[in-house]
Amino acid sequence: MSVQDKGVIKNISPADAYRDFRLAFVGWKPLTDLVLEGSVHSDKRLLLLLCELLKHSRCDVRCLRLGSYSDTAQRWAAFSSALKIIQSLKYLGLTASEFLDEGVKLPCTTLRHPECFLQKLSLENCHLTGACCKELSSALIVNQRLTHLCLARNSLGDGGVKILCEGLSYPECKLQTLVRCHCNINRQGCRYCRYIARLLQGDSSLTGLSLGFNPTATGLCFLCEALKKPNCNLKCLRHETF
């Protein structure tokens, strides 16, 4: 990606300074990739201005990355409103955000909205556990556009993976790529791999799966058997070891 179509904003204050940037970005047609760092999205005023930018008819941002985002309902409500308007935005990165299990309901509610056009979502290292998987599964069944989900570095556990796989097995779910690296699962990984294998042997739309750096050594036989099945659609499997 060239310099002309990517922007990085961090630690901007006061609000009038950011307003000048907003005008520049809206008028800068090539900008498609925006990264926000530092205190930009922790300030309510700046966040509202960002949402105005996203809603602007000339905004063409397709990839938005927010570092350490807050999970407050008030802040997410502004983003949710913008996500229902901007059709160009396809990727939203919320890596290292403090959503927690309760907070993940906010983006899941947005995903269920018929006017949400996101195709890729990253919730890497968002302090999630298996308690959030029912909410995620429900959103994945309803959403018809999301094709890539990253849940790396979240301690979902075996139980959470089971619930997630149940949602992914629904024909309404269109997810194609699932990233589950560096997750806290049972040391042997047998049940974890069984859930994944059962999913792959069904009518899952998954074509890409990343399970790297998880203790799944004794459960790999289940995955191998699933890959042999003619109805397995998986084309790419990543399984790096420690």
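Which backbone oxygen does the side chain of Ser 88 reach? The side chain of Ser 88 reaches the backbone oxygen of Val 61, at 3.0 Å. A polar contact here is a pair of N or O atoms within 3.5 Å; within protein, one must be able to donate a hydrogen and the other to accept it, and residues adjacent in sequence count only if both atoms are side-chain atoms.

This is a predicted model, in which local features need pLDDT of at least 70 and side-chain atom pairs count only at pLDDT 80 or more, while totals for chains, interfaces and linings use all residues. Residues are numbered from 1 along each chain as its sequence is written, and side-chain values use heavy atoms, with hydrogens and water left out.

## Overall architecture

The protein chain has nine helices and nine strands. Both are DSSP runs numbered from the N terminus: helices are H or I with at least four residues, strands are E with at least two. Of the 242 residues, 48% count as buried. Buried means under 20% relative accessible area, exposed means over 50%, and partly exposed lies in between (1.4 Å probe, protein chains only).

The accessible surface is about 11,500 Å². Carbon and sulfur atoms own 52% of that surface. Areas come from the Shrake-Rupley method with a 1.4 Å probe; for residues, only the protein chains shown count as cover.

Take contacts between residues at least 6 apart in sequence: 86% of them join residues at least 24 apart. Contact means heavy atoms within 4.5 Å.

## Core

The largest nonpolar core has 62 residues. Leu 54, Leu 64 and Leu 123 have the most contacts inside it. Helix H8 supplies the largest share of this core, seven residues. Such a core is a set of buried Ala, Val, Leu, Ile, Met, Phe, Trp, Tyr and Cys residues joined through side-chain atoms within 4.5 Å.

Not counting residues up to four places away in sequence, Leu 123 touches Leu 94, Phe 99, Val 104, Leu 128, Leu 136, Cys 150, Leu 151, Ala 152 and Asn 154.

## Helix packing

Two packed helices are described by the angle between their axes and the distance between the axes. Axes are lines fitted to C-alpha atoms, for helices over the stretch in contact, and angles run from 0 to 180 degrees between N-to-C directions.

The axes of H8 and helix H9 (residues 220-228) come within 8 Å and cross at roughly 10 degrees. H8 is therefore roughly parallel to H9. Angles under 35 degrees count as roughly parallel, over 145 as roughly antiparallel, 65 to 115 as roughly perpendicular and the rest as oblique. On the H8 side, the contact uses Cys 190, Cys 193, Arg 194, Ile 196, Ala 197 and Leu 200. H9 contributes Leu 220, Phe 222, Leu 223 and Ala 226.

The buried residues of H8 are Tyr 192, Cys 193, Tyr 195, Ile 196, Ala 197, Leu 199 and Leu 200. They pack against H7, E8 and H9.

H6 and H7 pack at about 10 degrees, with their axes 8 Å apart. That makes H6 roughly parallel to H7. From H6 come Cys 133, Lys 134, Leu 136, Ser 137, Leu 140 and Ile 141. From H7 come Gly 160, Ile 163, Leu 164, Gly 167 and Leu 168.

Gly 157 also lies in H7 (residues 157-168). Gly 157 counts as buried, at 15% relative accessibility. The C-alpha atoms of Gly 157 and Gly 130 are separated by 5.9 Å, although the two residues are 27 apart along the chain.

## Loop residues

Leaving aside neighbours within four places in sequence, Ser 88 is in contact with Cys 59, Asp 60, Val 61 and Arg 62. On that basis Ser 204 is in contact with Leu 168, Leu 199 and Asn 233.

The loop between strand E5 (120-122) and helix H6 (133-142) holds Asn 125. Phi of Asn 125 is near 55 degrees, a positive value in a residue other than glycine. Asn 125 is partly exposed, at 31% relative accessible area. His 127 is in the loop between E5 and H6. Its phi is positive, about 60 degrees, although His 127 is not a glycine. His 127 counts as partly exposed, at 44% relative accessibility.
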